[in-house]
Amino acid sequence: MQTTYMLNKKVKTTNMELTDAISEYVHTKVGTVERFLDPKVQALAEIEIGKTTQHHHKGDVFKAEINLAVGKDNFRAVVIEADLYAAIDKMKDVIVGEITREKKKKNHLFKRGRQKIKDLLR
């Protein structure tokens, strides 16, 4: 019997309130990251969204940060944008890029090792 894990998400806000709409948007965007992860490994996503400071004279500056722990690997993305939803979108894109880059690196190392073993056996 194989155990499959889901991505656990913890959302924290800074200098703003977490509304239902924002919470649902964050959960759907971060939920798409799940298909890039191994279902056999536990994963925890700690997400922090909010305003960076209260002292800006023109407009708001929003920050979206994610710390993703997948087994022994840790991934992190921090994005600062003028729009909260744009910051969340970009945060998701950055974390997906981090995950795929790590997967490609591990796959490349595996292939190199496999090729060295083949060369030794010849």
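Predicted model: local features only at pLDDT ≥ 70, side-chain atom pairs only at ≥ 80, totals over all residues.
Me: Which residues is Lys92 in contact with, leaving aside its neighbours within four places in sequence?

Reply: Contact means heavy atoms within 4.5 Å. With those neighbours set aside, Lys92 is in contact with Lys29, Thr32 and Val33.

Me: Which other residues of H2 are buried, and what covers them?

Reply: Besides Lys92, the buried residues of H2 are Leu84, Ala87, Ile88, Met91, Ile95, Val96 and Ile99. Their cover includes H1, strand E2 (43-51), strand E3 (62-70) and E4. An α-helix has 3.6 residues a turn, so residues three or four places apart point the same way.

Me: Why is Val94 called partly exposed?

Reply: The relative accessibility of Val94 is 34%, so Val94 counts as partly exposed. This residue is also found in helix H2. Beyond its neighbours within four places in sequence, Val94 is in contact with Ala77 and Val79. Its C-alpha atom is separated by 9.8 Å from that of Ile66, which is 28 residues away along the chain.

Me: What makes Lys90 partly exposed?

Reply: A relative accessible area of 41% makes Lys90 partly exposed. Apart from neighbours within four places in sequence, Lys90 is in contact with Val79 and Glu81.

Me: How do you know that the span of H2 is close to the expected one?

Reply: The expected span of a helix is 1.5 Å times one less than its number of residues. H2 has 38 residues and reaches 56 Å from its first C-alpha to its last, close to the 56 Å expected.

Me: Why is the pair of Tyr25 and Tyr85 called edge-to-face?

Reply: Rings of Phe, Tyr and Trp (its six-membered ring) pair if their centres lie within 6.5 Å; planes under 30 degrees apart count as stacked, over 60 as edge-to-face and the rest as tilted. The structure holds one aromatic pair. The ring centres of Tyr25 and Tyr85 are 4.7 Å apart and the planes stand at 85°, so the pair is edge-to-face. Tyr25 lies in helix H1 (residues 20-31) and Tyr85 in helix H2, so the pair ties together parts that are 60 residues apart in sequence. Tyr25 counts as partly exposed because its relative accessibility is 21%, and Tyr85 counts as partly exposed at 33%.

Me: Why does Asn15 count as partly exposed?

Reply: Asn15 has 39% relative accessibility and therefore counts as partly exposed. Asn15 is found in the loop between strand E1 (7-14) and H1. Although not a glycine, Asn15 has a positive phi of about 60°.

Technical notes:
Residues numbered from 1 in each chain as written. Heavy atoms only, no water. Helix = DSSP H or I, 4+ residues; strand = E, 2+ residues; numbered from the N terminus. Buried < 20%, exposed > 50% of the residue type's maximum accessible area, 1.4 Å probe, protein only.
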